[in-house]
Amino acid sequence: MSKKGIRPKSPRNLLFVFEILALLLLFVYEGDKIDRLTLGTGIGLVIIIYLSNYILTKISYGDNYIFLIVTMLISIGIVMIYRIDSSLGIKQLIWLSIGIFLFFLTYFILKYIRGWKNFIYLYIIASYILFFITFVFGSRKGGAINWVSFGGIAFQPAEITKLLVIFILASYYSDTSRWKELKYGPYYLMGIIYSFILLLFLQRDLGTALVFYGIFIMIQFIYEEDRKLVLYNIGLFAIGGILGYTLFDHVKIRFQAWLNPWKYIERQGYQITQSLFAIAEGGFFGRGLGLGYPDFIPVVYTDFIFSAICEEMGVFTGIGIIMLFMILVYRGFKIAISQESLFYKILALGISILFGIQSFIILGGVLKMIPLTGLTLPFVSYGGSSILSSFIALGVLQICSEEIKIKEEFDEQRD
Amino acid sequence: MNKETKRIIVVLVGFCLMFISLIVYISYFQVFKAEAVKNNSYNKRLWINEESILRGSILDRNHKVLAYSEKKDDLYKRYYPYGRLYSHIIGYSYREYGKVGLELQYNNALLNINENAAINEIKNLVIPTTEGNNLRLTIDHELQNKARGLLKGKKGSIVAMNPVTGEIYAMVSLPDFDVSNLKEDWKEISENPNSPLVNRATQGLYAPGSTFKILTTVAALGTPNLDKDYDCVGSTKINGYIFKDYQGKAHGHIDLKQALVKSCNTYFTEKSIEIGKEKMGNVADKFLINGDIPFDLPTKSSQYPYKGNLDKTDIAASAIGQGKVLVTPLNMALVASGIANGGEIVKPILVKEIISKNDKVMKSYNTEVLSQGTDPITAEKVKEMMVEVVKSGTGTNARIKNIEVAGKTGTAENASGKSHAWFVGFAPAKEPKVAVAVILEEEGSTGGKTAAPIARDIMIHVINNIKD
């Protein structure tokens, strides 16, 4: 460590040490059946993560901590997923490699191509097309229609729509004067976002609907000059919530399972109680990697990965993950505050809010602090769509952390 | 700082609070909730070892087998040869209904698994666990059987223990249920208004009636300036409320000893006002009323809420075990033990030893003093009075030939309209071998008449049959 202050180099080495230790534990657990695959996966993980962190410090002069935080999260995730199901662990490593590739790709595309704020119509149309595809080709998984399968590769269109929504909001609020001239201009945006939320509701994807709403209301709270719109938005949410509860059984069931899961332990409350068992068994220090029974929890490697981590690595690791998300959100907001260009400022905010709200909803859900809605824990849960879209979002955040040349975006300069 | 930046910071602070609330919640859950959650019978982790390990047997103090497991169709099955007799002590361990009683509390010992998963894993590498440990209880099967027979057809509880070592010889709570036949009976058991699932001995809270006068007597002896004499006219008015003696009978001029022997209500109600609720409360505290009794089975705390709002009527009523005082039978057995044991109250023990499959004693539970209820001199004085209760007072039905018995009867009014019949005592008075508490719930007769003979039979059995 030099006198110039902490450089990203030393946390990178700490991450390296963590990974070596975690992998050693994994080998101990595997015991007699250490195979080349495990070894290869382990070495692959370490190399990919160390190298990408190293490369990033060379090419980006922006914030290098966000990528570091994310690679820490994903390392914990991969070790856990590999321990639950080694073939999924290897797949996750492949997703991670593609994700990191997309991160750099997004970074370079955004660095050298400008003018993203002018395509608002394109974003809106693309979002509707994705919804359309979901409804026509979608299949039901875990109660929600949110998976589309093409040629054997399944993906969740909503993961892409999340990013589009952030781009729509950023384009809109970085150029409000354009909309103000229109009659009912400000209401258009609300209409569009609410139509998305309604569509998600119909797909029974309550978690994503909540994420969309969360991003919308927070950006609106910060940038909407017409304050009564913010109030309308909150009011509509309350009405929508009550209507949803009375009209849709799947909302009611989730709510009841939250209030008293023990009463419905054999059906609606099964998942959440299994999650609580796992966390309770873990204690503060965990049962030890490979010594718990995370596979008792349904869909443990996606939505409930946090419970599995708490069982085997302990609640202290769980708290560590929560704090990593907190720092990630904090760094994201810091990037937004120091960004001069309004469009990129809002993008940075949107992405930080996305990471923050999504992790809060699923963490609170598996802990039974708030009603459970199915969502992945960004960067930790298993899942291609989730990893890829999260890395694209991170790529966007990375570019936002750099100084955007003002001469290109002079119209955004503010006081 | 402009408006937007301020709002951004508001949202950021909001996020930080959200994440901090997650951390607070998970810590709270781990510290306060986790233990109860883990023991839920739906937690499959409780059963994971059950498939590969032969669950240990549970034995009485003379090594008689009370519960055991055997392999049947590749699965271990649990057998309870005495059905109802140990429903509240041993409890049960079934996949469908979970675990309760000692089967729950000593689950790890019975399966020979360690609390710590890592140690367990290492242990399993060296010698895989295939058989659990046996539990040897302090219970005497013959006495337990006899006690249940004496209580049969009634509601209530009996606790018999060694006042010096704390070993519980018998603990019965009726109504009970048949643990070997849970499947057929479950619906009836769970819907029965008499709650057979509740262990009345440790969790039943009753008005102690006149048995509580033992504590009032201790408090009176500890109040130096108290005038121990009194003229009883059969009733007295305290704060507008009239307290009467049994059948309104006047006892005339009496002292403390005669008051206890004759169980004079007016004496104790009047004197308790002079003693005061603080003094009464301190004595109650020392006898573990208001406190948790550490025990192998879940207990409820008895209560004498002297720190709350007690008016004079309440103090007077509680002095004779009515009003706001509530006790568990186990607690009353400990009160008797305390007087028997020179004021020292020992921890009640139900499990004597944990024995490994090759008959090695893994752990044995020894006598522990929980509290000094009173000083030896006071205890001796109270003991003399209690001997007189059985010799010539209300407890004559507990008399045993050639053996000096100390005791106190109680007849407790309650909401049901039918009084509870109590007897607590110990024998032999000089060298106590057994302390006993008997309560017959809603019996509608006096403790001296119905509870005392039961206590006598228990004490005779212990003195004649339990040697070590």
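How many residues of chain B are in contact with chain A, and how many of chain A with chain B? The points below begin with that, and the model they describe is a predicted one.

1. Contact between the chains. On the chain B side 27 residues take part, and they are in contact with 36 residues of chain A. Helix H1 (3–38) and helix H4 (117–126) of chain B each supply at least two residues of the side that touches chain A. H1(B) provides the largest share of that side, with 19 residues.

2. The annotated span. The unreviewed UniProt entry places a "transmembrane region" at residues 7–28 of chain B. In the model this span is 100% helix and 0% strand. Its end C-alpha atoms are 31 Å apart.

3. Chain B overall. Chain B contains 15 helices and 19 strands. Of its 468 residues, 50% are buried. Among contacts in chain B with a separation of 6 or more, 67% are between residues 24 or more positions apart.

4. The five-strand sheet. Five strands of chain B make an open sheet in the order E8-E7-E19-E18-E17, with antiparallel pairing. Strand E8 (168–174) and strand E17 (406–412) of chain B each have a single partner strand, so one side of each is without a neighbour in the sheet. From one strand to the next the twist averages 5 degrees.

5. The pairing of E17(B). Strands of a sheet pair through backbone hydrogen bonds, in either a parallel or an antiparallel way. E17(B) and strand E18 (residues 420–427) of chain B run antiparallel and are joined by seven bridges. Gly407(B) has Gly425(B) of E18(B) as its bridge partner, and Thr411(B) stands opposite Ala421(B) in E18(B).

6. Is E17(B) enclosed by the rest of the structure or left open, and why? Seven of its seven residues are buried, so E17(B) is largely enclosed. The burial applies to both faces: Ala406(B), Lys408(B), Gly410(B) and Ala412(B) lie on one side, and Gly407(B), Thr409(B) and Thr411(B) on the other. Helix H14 (residues 376–392) of chain B lies across E17 and E18 of chain B and runs at about 70 degrees to E17(B).

7. The six-strand sheet. Another open sheet in chain B has six strands in the order E3-E2-E1-E6-E14-E15, and here the pairing is mixed. Its edge strands, strand E3 (75–79) and strand E15 (361–364) of chain B, pair on one side only. Strand E14 (residues 351–355) of chain B runs antiparallel to E15(B), and three bridges join the two. In one of these pairings, Glu353(B) has Ser364(B) of E15(B) as its bridge partner.

8. A helix pair. At what angle do helix H8 (residues 213–221) and helix H11 (residues 277–286) of chain B pack? The angle is about 120 degrees, and the axes are 9 Å apart. H8(B) and H11(B) are therefore oblique to each other, and their crossing is right-handed. H8(B) makes the contact with Leu215(B), Thr216(B), Val218(B) and Ala219(B), while H11(B) contributes Lys279(B), Met280(B), Val283(B) and Ala284(B).

Methods
Residues numbered from 1 in each chain as written. Chains lettered and ligands numbered in written order. Predicted model: local features only at pLDDT ≥ 70, side-chain atom pairs only at ≥ 80, totals over all residues. UniProt positions renumbered as here; feature names shortened; annotations may be inferred. Helix = DSSP H or I, 4+ residues; strand = E, 2+ residues; numbered from the N terminus. Pairing = 2+ DSSP bridges. Axes fitted to C-alpha atoms, helices over the stretch in contact; angles between N-to-C directions. Contact = placed C-beta atoms within 7 Å. Buried ≥ 20, exposed ≤ 12 C-beta atoms within 10 Å, placed from the backbone. Parallel < 35°, antiparallel > 145°, perpendicular 65-115°, else oblique. Left-handed = near helix turned anticlockwise from the far one by under 90°.
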